[in-house]
Amino acid sequence: MKISHQLNASQLYALVLVRVLLGWYLLYEGLAKLLNPHWSSFGYLKSAQGIFSNTFHTLADNPQTLEIVNQLNIWGLMAIGCALILGIFGRFTSLAGVFLILLYYLAHPPLIHVNEVLMTNENTLWVDKNLIFIAILIVLYLFPTSRVIGIDRFICHKRP
Amino acid sequence: MEDATKKFSRRDIVKTLATVPVLGALGYGVLKKVDYQKQKVYNIADDLGLNLYDEPELITSKAGKTIRLGIIGAGGRGKYLMEAAGFAHPNTVKHWHDEFKRNKRDTRYGDYMAQDNLNIEIRGVCDLFDVHANDALLSASNGQKATEINDVASHVKRYRNYRDLLAASDIDAVIIATPDHWHAQMGIDAAKACKHIYIEKGLTRTAEEAFQLRKVVKETGVVFQLGHQGRQTASFNKAKQLIDKNILGKISLIEVCTNRNDPNGAWVYPIHPEANENTIDWQQFIEPTNKHAFSAERFFRWRCWWDYGTGLSGDLLTHEYDAINQVLQLGIPHSAVASGGIYYFKDGREVPDVFQAVFEYPERDLTFMYSASLANELYRGKVIMGHDATMKMENKLEIFPDNRSTQYRKQLDAGLISSQQAMITYEPGRNTLDGTTSATEQYFASRGLLYTHVQGKRVNTAHLHIKEWLECIRTNQQPSCDIDQAFEEAITAHMATIAYRENRKVYWDAEKEQII
């Protein structure tokens, strides 16, 4: 609640901008998958590397778990994206985002021996886009701007 | 603080809903993007009225009486065909099962267990090498697909000479998977004994033998199938449908090839440690060919010598030729030239390891070209080049429009298709992964020679090929790779071999049916 007292106006708006942009990115990621009838997490899971790769492979091998993962991923991305843009349950949303993107990071960790060229055009070493998103979401968790600009302002007003 | 909780000012409302317009902007953007993609996705297959994923008909082969088989030749290929027919050695089934437990991507066990029961029995096995013969007896007795040797009691008869097997009254049909130099004699004897024949490619070791075998098979009317399992590959059948609809325009050049780069792919197979003059009937092995002292190397790596095999032309060109022949009905070429040499495997072999052959079809106005290396693995597919489009034909089909095409001028000018991108792709079962491992297996798999997909399920093409043959025996028809197709394959391959060995251009006189 005290965030508006900690930050000056430009600092606050800059954080809101980061929140909205990240929300846009995640919401569109989810929407694009939803609108593409051929999309499946199969390839991403099946090509997983690193210490948890077996777990991801197992998820891909079973058609039922694969379908659950697909649906959770699509709707999780859309829910988190939407909540970030609108500023709903700011802290919970940030943590949920950290969790989801951490799974992406763990499935394809940019380790030295991993061939990352297959999946993306990025050049990465230990740090990749997912890790940066996780860091941003942690910042958003620590500075819940939704209580100043966002639906949370209304929710906090109702339940002080 | 109290005031703030009570009053929710207009300023509060604005700040609460400040970011809502962002959703509107995103929604607008998404709608625009979807519209754009709809316009951009142009499916020429729809335009041409092609139904790409109509499923091939399933062959049913169970009905009718049980067919009793004899296996002549139970080495590498014979063992593979027995597995495809549902008779794998218990150790092999166990190995597949263990490998599956270790690696879920290895689907051989599941594929094998799901294979249809063909309603056959194996009554006799003939092999000149004791170890192979004894293994085959156990495989032939393992119709129940057991994984433990102790669970299988051998009840199949071993024949030391194939003539005795052919004389047996409890055998209806034979699978011949011996080296090429025995094919013709065994095929002729089998036909005369009224046994239906499934025989491995290349059809015969020499051109003369192909004439003789065809004559007897036609006279006796036995059901005959040459072992080009590529006949069952869904994408080849689809390629025929597409080409029949003139999707490629006038075809002027066809390029096929072989690229392998491991000893196994160059026929340097391991020599069994128990192979010796006591365990191998060498005299019978060399009976129809030139005499030679016992040689385990020649027995196991027979493909490297002209006395037993037919080199790249009979062994691997035939696969490529038959795939094209089934799609285009090329028949026997008017002429052939060939060249090559032993450039890498200086191991005493006689057959070339690099080989090129060019066949002319003036009546069809096209050239068919083969190029092979056993010392390089660069992937080159079968390419059929037409005036309007080019087709790459493997387990997956891809058709690229030609920039100068007449047929697709409008679509090309409108930017709907381009030569950079496949305009039609056909890839049944694209989401399934294969568990094949060795380089030679990968080579065959990529060329549509190991498995295909029937209604989304991965199926061994050799299994389907044997199944088609059995179905034809039951219904008294000739299968897809019958003696006429086999004859065309054999003569074409022999023309290239003669051109290479005699270093001259070889012609086919279609009227007199003579190689000149």
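Reader: What percentage of the 160 residues of chain A count as buried?

Author: Burial is judged by counting neighbours: a residue is buried if 20 or more other C-beta atoms, placed from the backbone, lie within 10 Å of its own, exposed if 12 or fewer, and partly exposed in between. In chain A, 31% of the 160 residues count as buried. This is a predicted model, in which local features need pLDDT of at least 70 and side-chain atom pairs count only at pLDDT 80 or more, while totals for chains, interfaces and linings use all residues. Residues are numbered from 1 along each chain as its sequence is written, and chains are lettered from A and ligands numbered from 1 in the order in which they are written.

Reader: How many helices and strands does chain A have?

Author: Helices (DSSP runs of H or I, at least four residues) and strands (runs of E, at least two) are numbered from the N terminus. Chain A has eight helices and zero strands, so its pattern along the sequence reads α-α-α-α-α-α-α-α. Its C-alpha atoms fill a box of roughly 50 × 35 × 25 Å along the principal axes.

Reader: In which order do the six strands of the open sheet in chain B lie?

Author: Two strands pair if DSSP finds at least two bridges between them. The order in chain B is E3-E2-E1-E4-E5-E6, with parallel pairing. At the edges are strand E3 (157–159) and strand E6 (224–226) of chain B, each pairing on one side only. Neighbouring strands of the sheet are turned by 20 degrees against each other on average, direction ignored, where the axes are lines fitted to C-alpha atoms.

Reader: How many bridges join strand E1 to strand E4 of chain B?

Author: Four bridges join E1 (residues 67–72) to E4 (residues 173–176), and these two strands of chain B run parallel. Leu69(B) stands opposite Ala173(B) in E4(B).

Reader: Why does Tyr80(B) count as partly exposed?

Author: Tyr80(B) counts as partly exposed because 16 other C-beta atoms lie within 10 Å. Tyr80(B) lies in helix H5 (residues 76–84) of chain B. Tyr80(B) and Leu128(B) are 48 residues apart in sequence and 17 Å apart in space, C-alpha to C-alpha.

Definitions and conventions. Axes are lines fitted to C-alpha atoms, for helices over the stretch in contact, and angles run from 0 to 180 degrees between N-to-C directions.
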